[in-house]
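Keep the viewer open as you read.

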Amino acid sequence: DAQASGACGRKIVWVQVPSPALFFRFAYQELVRWTNSDCPDGKCKSLNKKIMGKVVINSYEDFEKLVGQQIGISDYVELTQERINLFADATLDHQWIHVDPERAKVESPFHSTIAHGYLTLSLLPHLWNQIIEVNNLKMMINYGMDKMKFGQPVLTGQSIRLIAKLQTLTNLRGVAKAEIKFAIEIKDQPKKALEGVAIFLYYFN
């Protein structure tokens with residue numbers, strides 16, 4: 001920076017502006033430094049996951065490095081009445097608490113239709129795929145669930161998202177057995193819709 005005097009005696013400050021490339025490089029480095037900093041509530045680390053995009057896994061060894069860590073947070077998905085109705089058609093579960101908004105307004109304690117619990121659960125693979133990308137696979141199999149429990153109904157029009165942590169990873173003769181501790185949150189609600197452990201089998205090439 002430099003200073004000079006103008007015609008009116010006022011000081012003029014000259015500021016050296018870096019090139020755009022240098023500026024954005026500095027901004028990116030600061031963003032990475034900030035999002036990797038220690039945060040008491042863990043929000044910064046979660047933000048880092050989202051800013052940097054999906055976690056990419058190319059091998060069992062890549063997966064193994066994530067054991068015990070929160071892998072990421074998905075985007076929100078809204079559970080509309082249309083989505084609920086389609087799920088009711090697919091599963092033949094047309095109970096009025098799910099598909100009859102007028103009756104639900106009067107008779108339901110929620111004064112609204114609610115999503116099927118299994119609809120919320122069925123969105124787990126979709127939300128999981130927003131968080132992680134696993135390459136070099138022959139196939140992936142949903143192996144099972146453990147300690148799953150519903151916490152709060154999801155009202156029609158509410159949005160949900162997934163938070164996932166890699167709890168354990170086991171090598172079963174070349175097959176990666178991943179136990180994912182997960183929670184499905186409802187936007188702007190303190191209680192979770194669903195919690196549990198999802199078990200996936202990854203068959204790497």
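Which residues do ring pairs link into a cluster? The cluster holds F63, W128, F200 and Y202. Rings of Phe, Tyr and Trp (its six-membered ring) pair if their centres lie within 6.5 Å; planes under 30 degrees apart count as stacked, over 60 as edge-to-face and the rest as tilted.

A word on the source. This is a predicted model, in which local features need pLDDT of at least 70 and side-chain atom pairs count only at pLDDT 80 or more, while totals for chains, interfaces and linings use all residues. Residues are numbered from 1 along each chain as its sequence is written, and side-chain values use heavy atoms, with hydrogens and water left out.

The whole structure has four aromatic pairs. Take Y118 and F150: their ring centres are 6.0 Å apart and their planes stand at 90°, so the pair is edge-to-face. This pair links distant parts of the chain, since Y118 sits in helix α7 (residues 117-122) and F150 in strand β7, 32 residues apart. Helices (H or I, at least four residues) and strands (E, at least two) are DSSP runs, numbered from the N terminus. Y118 is exposed, at 55% relative accessible area. F150 is partly exposed, at 40%. The cut-offs are under 20% for buried and over 50% for exposed, with partly exposed in between (1.4 Å probe, protein chains only).

Now F200 and Y202. Their ring centres lie 6.3 Å apart with planes at 85°, so this pair is edge-to-face. F200 is buried at 3% relative accessible area. Y202 is buried at 3%.

Y202 also belongs to the largest nonpolar core. Such a core is a set of buried Ala, Val, Leu, Ile, Met, Phe, Trp, Tyr and Cys residues joined through side-chain atoms within 4.5 Å. Of its 38 residues, F63, W128, I132, L162 and Y202 touch the most other members. Beyond neighbours within four places in sequence, I132 is in contact (heavy atoms within 4.5 Å) with K54, V55, I57, F63 and I71.

H116 lies in the loop between α6 (101-107) and α7. H116 is buried, at 3% relative accessibility. Leaving out residues up to four places away, H116 touches I84, F87, A88, D93 and H98. H116 and F87 are 29 residues apart in sequence but 8.0 Å apart in space, C-alpha to C-alpha.
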